[in-house]
Amino acid sequence: MYKAIVIGGSAGSFQVVTKILSALPKDLNVPVLLSLHRLKHVRSGFLEALMLKSNIPIIEPDDKEQIKPGRAYLAPANYHMYIELGNRIALSTEEPVNHSRPSIDLSFVTAAQAYRDKLIGIILSGANSDGSYGLQKVKEYNGLTIVQDPRECQVRTMSEAAMKLTQVDHVYTTDQIINFLLKLK
Amino acid sequence: MPEIGIVETRNIINVINQKYNYDFSDYALTSLKRRIEKIIEQNNLKYPDILINRLTDEPQFIHPFIDQLTTGSTEMFRDPSLWRLLREEILPTLQNETGKDLKIWLPFSVSGDELFSLAIMLHEMNLLDKASILVSALSETSIETMKSGIMLNSKEEISCDNYVRANGKLALPKYYTLTDGRITRDISLIKNVRFTKQNIETEPVPQNIKLVLFRNKMIYFNTTLQNRILKTIYNTMVPNGILAIGTKESISTLYGNNNFIRISKTESIYKRK
C-alpha cells in the first residue's frame, strides 16, 4: 500500500542506514529515498561505502531520473533532492537550508506532496534539527512517521527535534525499523 | 513557509506569461513552486492572490521577481575539480584545436558566481584580456547584481575553500572587498564582459562560441525545455567547442546525445560534434 520510503539522517546515521539497506529484501516493491548529510565537496566514496552491504541497488540519481521500486536513491553531494511530478527525481542547487544541502526537510516535503498517505518518513540520528519540519509535513499529508529511538541514537538531537514538532507514529530502534519495513511486504 | 498548490503555481505562470512574456510553463514544477513560496514569504505577501495583484499592478516588480524565481544559488568555484580540468587541460586543448581567440557564453546567468570564477581563472592564466565573455540573463535585476560584484556572505567560506581546492594562484579574498559587512567582488575583472537581457528562445543568440558554461541550469527545466535549449546552445557553438553542464545533469537521453561527445564523465564536459 505504501509507494515510497524517505529516510533522513546526519551524524551517527551511517551505520543505521547501512543496516537497514542490508536487511531490505531484493524484491522490495517501493523506492527508498535517502537524504543524508554529507560533505559538500566530496562527491565520491559515500555511495560506494553504502553499497558495500546493501541488498538493493543504490543510485546517486541524475536530474529527472525516473524513480523505480526496489532501488535506493541517495541525494548527491551539494544538491537538494526533490520528488518531481511524474515520479522523477529533481535536483536543485538552491541555497542551503539550515546550512544543509542536501536538505532533509526539502526531500521530505516534496516526497510528502508527491506520495501523500502512501509515504513512510523515517528520521534517524543527527546533530541538528533538519528533517523535523519535513516529517511534520509527512504527517500532515497523512503519511506514516517514524523516528529512531533517541536512546539508541549516537546523536539524539534530530530525533528529539522531530518528536517535539510532530506526534510521530512510531519511535523505533534500528531493529524495530527493519522488522517493521520487512512486514510491509 | 506558505504552501501553494499546483493550480495556483500555474495561475502565476500564466500571469507572467500573458503580461510580461516570460514563459515558465516548461520549468520543473517542484522547484518553481518552492521558489514562488519563498518569494511570497520574503515579500510578506501571504497569499498567491496578493502576489498576482502585485505582479499585475506593479510592472517594476517583475524584475526582482524573475531574478528571485531563477536564483539557483550556488557558490564560487563549485566543483573545484572542474576548474582544475578547465585550466590544465580543456582550455589549452580548445585553443590548440580552434585558435587563440576565446569566445565564451554564460546563458541563464543570475548570481555572477560562475562569471567571477571564470574571470578569475582566466586572469590567472593571462587569458582574460584575450577572451570575450558574453552573459545572458532573464532579468535586469540579475544583470545589475552581477555588474555590482555583490556576493552573498553565506557563500564566502565555501567559495574560499573551493578556490584553494581549484588550485587558485592567490587567495580568493584578493578578489573582493568587505565593506560594512557586504562582499563586493573586483568588478575590473568583468570590465569587458557583455551583458544581455534576453530570452534565448525567442531572441537572437551569439555565434561562434567556443566554451559554454551552463552548469546546474537545466535542473530547473523539464525535459522538453532542456531539449529545446540544448538545441539552441548547440547552434551557437563552433565544432569542437566545449559545453560544461552540472555534474548531475545529463544530456545522454536528450538532443545532446547525437550532437555532443562526452569528454569528462566526472565533470560532465562535452565537446560539440
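The model is predicted: local features need pLDDT of at least 70, side-chain atom pairs count only at pLDDT 80 or more, and totals for chains, interfaces and linings use all residues. Residues are numbered from 1 along each chain as its sequence is written, while chains are lettered from A and ligands numbered from 1 in the order in which they are written. Chain A has six helices and nine strands (DSSP runs numbered from the N terminus, with H or I over at least four residues for helices and E over at least two for strands).

**Overall dimensions of chain A**

- The C-alpha trace of chain A spans about 35 × 35 × 30 Å along its principal axes.
- Of the 185 residues in chain A, 52% are buried (20 or more other C-beta atoms within 10 Å of the residue's own; exposed means 12 or fewer, partly exposed in between, with C-beta atoms placed from the backbone).
- Of the contacts in chain A between residues at least 6 apart in sequence, 71% join residues at least 24 apart (a contact requires C-beta atoms, placed from the backbone, within 7 Å).

**The sheet and the helices across it**

- Seven strands of chain A form an open sheet with parallel pairing, in the order β3-β4-β2-β1-β7-β8-β9 (strands pair if DSSP finds at least two bridges between them).
- Its edge strands are β3 (58–59) and β9 (170–172) of chain A, each pairing on one side only.
- Four bridges join β7(A) and β8(A) in the parallel sense, and Ile123(A) has Val147(A) in β8(A) as its bridge partner.
- Helix α1 (residues 14–23) of chain A lies across β1 (4–9), β2 (32–36), β4 (72–74) and β8 of chain A, at about 155° to β1(A) (angles run from 0 to 180 degrees between N-to-C directions, with axes fitted to C-alpha atoms, for helices over the stretch in contact).
- Helix α3(A) runs at about 165° to β1(A) and lies across β1, β2 and β7 of chain A.

- Helix α4(A) is largely enclosed by the rest of the structure, because seven of its nine residues are buried.
- The buried residues of α4(A) are Ser132(A), Tyr133(A), Gly134(A), Leu135(A), Gln136(A), Lys137(A) and Val138(A).
- Their cover includes β1, α3, β7, β8 and α5 of chain A.
- In helix α5 (residues 157–165) of chain A, the buried residues are Met158(A), Ser159(A), Ala161(A) and Ala162(A).
- Seen down the axis of α5(A), these residues fall within an arc of 165°, so they line one face of the helix (the arc is that of the directions from the helix axis to the C-beta atoms).
- The buried residues of α5(A) pack against β7 (119–123), α4 (132–140) and β8 (144–148) of chain A.

**Backbone exceptions in loops**

- Most residues other than glycine have a negative phi, and most peptide bonds are trans.
- The peptide bond from Arg101(A) to Pro102(A) is cis, with omega near 10°; Pro102(A) is in the loop between β6 and α3 (104–115) of chain A.
- His99(A), found in the loop between β6 and α3 of chain A, has a positive phi of about 65° although it is not a glycine.
- His99(A) counts as exposed, with 11 C-beta neighbours inside 10 Å.
- Asn142(A), in the loop between α4 and β8 of chain A, also has a positive phi of about 65° and is not a glycine.
- Asn142(A) is exposed, with 11 other C-beta atoms within 10 Å.

**The side of chain A that touches chain B**

- Contacts join 18 residues of chain A to 19 residues of chain B.
- On the chain A side, the elements giving two or more residues are β5 (80–84) and β6 (88–92) of chain A.
- The largest share, three residues, comes from β6(A).
- By class, this side has six nonpolar, four polar and eight charged residues (Ala, Val, Leu, Ile, Met, Phe, Trp, Tyr, Cys and Pro are nonpolar; Asp, Glu, Lys and Arg are charged; the others, Gly among them, are polar).

**Gln226 of chain B**

- Gln226(B) is in helix α9 (residues 223–236) of chain B and is buried, with 26 other C-beta atoms within 10 Å.
- Leaving aside neighbours within four places in sequence, Gln226(B) is in contact with Met218(B), Phe221(B) and Leu254(B).
- The C-alpha atoms of Gln226(B) and Ser111(B) are separated by 21 Å, the two residues being 115 residues apart along the chain.

Definitions and conventions. Two residues are in contact if their C-beta atoms, placed from the backbone, lie within 7 Å.
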